[in-house]
Amino acid sequence: NLLRVLMIGLAFGVLYMAVRKNPISPMAGKWTIDHLVRNRDTVKAAAWITDSLAWTTVYIEERGALAFCPDPYVFDPRRSDRFQYVYDSVRREMKLVLLANRKDSAFFHITHDDARGMQWDGIFNDDTLSMKLTRVDTNP
């Protein structure tokens with residue numbers, strides 16, 4: 001019985017250390033891209049139907065994963081761009097590395113208006129991007 005208690009305690013200890021080492025981002029959640037400007041051209045609202053880079057939604061996962069999705073209604077992993085990210089809260093900068101090939105990267109400066117909205121300005125590949133995001137309320 002003592003061995004069981006020790007094993008359970010060890011498991012909780014390992015989980016605690018893993019969570020402590022990789023804290024949950026306060027930005028984690030689903031965000032709607034209300035306004036997307038690529039290379040000084042505003043991306044049209046219906047462009048997502050034919051353009052997989054006309055993102056409408058950002059899914060920021062808890063521990064360094066992020067996905068840009070063009071479909072505003074459902075997450076489609078085949079059309080989405082998935083990244084690993086590192087956020088520097090002091091500089092308010094986010095560095096992203098595309099998971100598909102590990103060569104493409106993005107860099108954004110983030111302005112937090114409040115807990116409900118953000119402004120992202122940066123570069124993805126050769127494109128200059130500006131996005132206004134609103135947090136999706138998960139509690140209707």
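V14 is exposed, with a relative accessible area of 51% (exposed means over 50%, buried under 20%, partly exposed in between, with a 1.4 Å probe and protein chains only). This residue of the predicted model lies in helix α1, residues 2-21 (helices are DSSP runs of H or I with at least four residues, strands runs of E with at least two, numbered from the N terminus).

Together with L3, M7 and L10, V14 makes a nonpolar surface patch of about 420 Å². Such a patch joins nonpolar side chains within 5 Å, from residues with over 30% relative accessible area and no salt bridge (a Lys or Arg side-chain nitrogen within 4 Å of an Asp or Glu carboxyl oxygen).

## Nonpolar core

The largest nonpolar core has 23 residues, and L66, F68 and W120 have the most contacts inside it (a core joins buried nonpolar residues through side-chain atoms within 4.5 Å). At least two core residues come from each of β1, β3, β4, β5, β6, β7, β8 and β9.

Leaving aside residues up to four places away in sequence, F68 touches I33, W55, T57, V58, S80, D81, F83, L96, F108, W120 and M131 (contact means heavy atoms within 4.5 Å).

## Q119 in strand β8

Q119 is found in strand β8 and counts as buried at 15% relative accessibility. Its side chain makes a polar contact of 2.8 Å with the side chain of S130 (N or O atoms within 3.5 Å, one able to donate a hydrogen and the other to accept it). Beyond four places in sequence, Q119 touches H109, I110, T111, S130, M131 and K132.

## Basis of the values

Residues are numbered from 1 along each chain as its sequence is written, and side-chain values use heavy atoms, without hydrogens or water. In this predicted model, local features need pLDDT of at least 70 and side-chain atom pairs count only at pLDDT 80 or more, while totals for chains, interfaces and linings use all residues.

Definitions and conventions
Patch = residues over 30% accessible without salt bridge, like charges linked within 9 Å, V, L, I, M, F, W, Y side chains within 5 Å. Areas by Shrake-Rupley, 256 points an atom, 1.4 Å probe, with all protein chains shown as cover.
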